[in-house]
Amino acid sequence: MFDEEFSLSRIPLAYFITFRCYGTWLHGDERGSVDRLYNTYGTPFYPVDKPLEEEERRRMKHSPVELDDARRVIVDHAIREVCQHRKWKLLAINVRTNHVHVVVSATCKPEKVLNDFKAYATRAMRSGGAWSRPASPWSGHGSRRYLWKPQQVECACDYVLNHQGDDIVPDFGDDVE
């Protein structure tokens, strides 16, 4: 399934990319969050802080964004399109109501992958009439995990495909490798 030489070249086998919809998970939230100071793998999240969460909510430029059925389908297709266009190998995708998980193999930095996913998805939602605001529907950042070993890739794919709760997007077939 994976090219050994690719792994040995100091390029990860894949990335586990996650990005959230705008306003759906603020700092101080009881689920925890990360920022510049709380962002080391395996360390605690930013602590619960209701006043901070409320302050962030007050500073929001627009209401939180949710992906309804139409938006989820558009985002899914847009991510598949960018992978095909850039010749990235899409290994797993799951578009939820407030976030997107993707496992992808690409020979560029994960920041480019994340930015391209957001840009293609936003452009597709706008052209499909599912997003008309000038602001982005996405939070400012996203998670970009490096997957160096086949077992890490398999675990990430399993998590994305099988551990996100009930299916909420129509089955698109077996074109994810």
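Hi everyone. A charge sits over a ring if NZ of Lys or CZ of Arg is within 6 Å of the ring centre and within 35 degrees of the ring normal. Keep that in mind while you look at this predicted model, where R123 lies over the face of Y120, 4.9 Å from the ring centre.

Let's start with confidence. The chain averages a pLDDT of 84, and 78% of the residues score at least 70. Which helix has the highest confidence, and which the lowest? Helix α4 is highest at 98, while helix α1, residues 4-8, is lowest with a mean of 47. Please also be careful with residues 169-177, where pLDDT stays under 50.

Now to the inside. The largest nonpolar core has 32 residues, and those that touch the most other members are I17, I79, V100, V102, V104, F117 and W138. Two or more residues of this core come from each of β1 (14-20), α3 (69-86), β2 (89-95), β3 (99-105) and α4 (110-127). A second, separate core holds 11 residues, including L13, F16, V103 and V160.

Back to W138 for a moment. Apart from its neighbours within four places in sequence, W138 is in contact with several residues, among them F19, L67, V75, V100, A121 and M125.

Next, the aromatic rings. The structure holds 5 aromatic pairs. One of the ring pairs is F16 with Y159: the centres are 6.0 Å apart and the planes are at 70°, so this pair is edge-to-face. Because F16 lies in strand β1 and Y159 in helix α5 (residues 150-162), the pair ties together parts that are 143 residues apart in sequence. Are these two residues buried or exposed? F16 counts as buried, at 9% relative accessibility, and Y159 counts as partly exposed, at 38%.

The rings of W88 and F117 also make a pair, with centres 5.9 Å apart and planes at 75°, so they are edge-to-face too. W88 is in the loop between α3 and β2, and F117 is in helix α4, 29 residues apart. Both W88 and F117 are buried. Finally for the rings, Y15, Y146 and W148 are linked into a cluster by ring pairs.

Last topic: cysteines. How many disulfides does the structure hold? The number is 0. For C108, the nearest cysteine sulfur is that of C83, 9.9 Å away. C155 itself is partly exposed, with a relative accessible area of 46%.

Methods
Residues are numbered from 1 along each chain as its sequence is written. This is a predicted model: local features need pLDDT of at least 70, side-chain atom pairs count only at pLDDT 80 or more; totals for chains, interfaces and linings use all residues. Side-chain values use heavy atoms; hydrogens and water are left out. A nonpolar core is a set of buried Ala, Val, Leu, Ile, Met, Phe, Trp, Tyr and Cys residues joined through side-chain atoms within 4.5 Å. Buried means under 20% relative accessible area, exposed over 50%, partly exposed in between (1.4 Å probe, protein chains only). Helices (H or I, at least four residues) and strands (E, at least two) are DSSP runs, numbered from the N terminus. Contact means heavy atoms within 4.5 Å. A disulfide is a pair of cysteine sulfur atoms within 2.5 Å. pLDDT is the predictor's confidence in each residue, from 0 to 100. Rings of Phe, Tyr and Trp (its six-membered ring) pair if their centres lie within 6.5 Å; planes under 30 degrees apart count as stacked, over 60 as edge-to-face and the rest as tilted.
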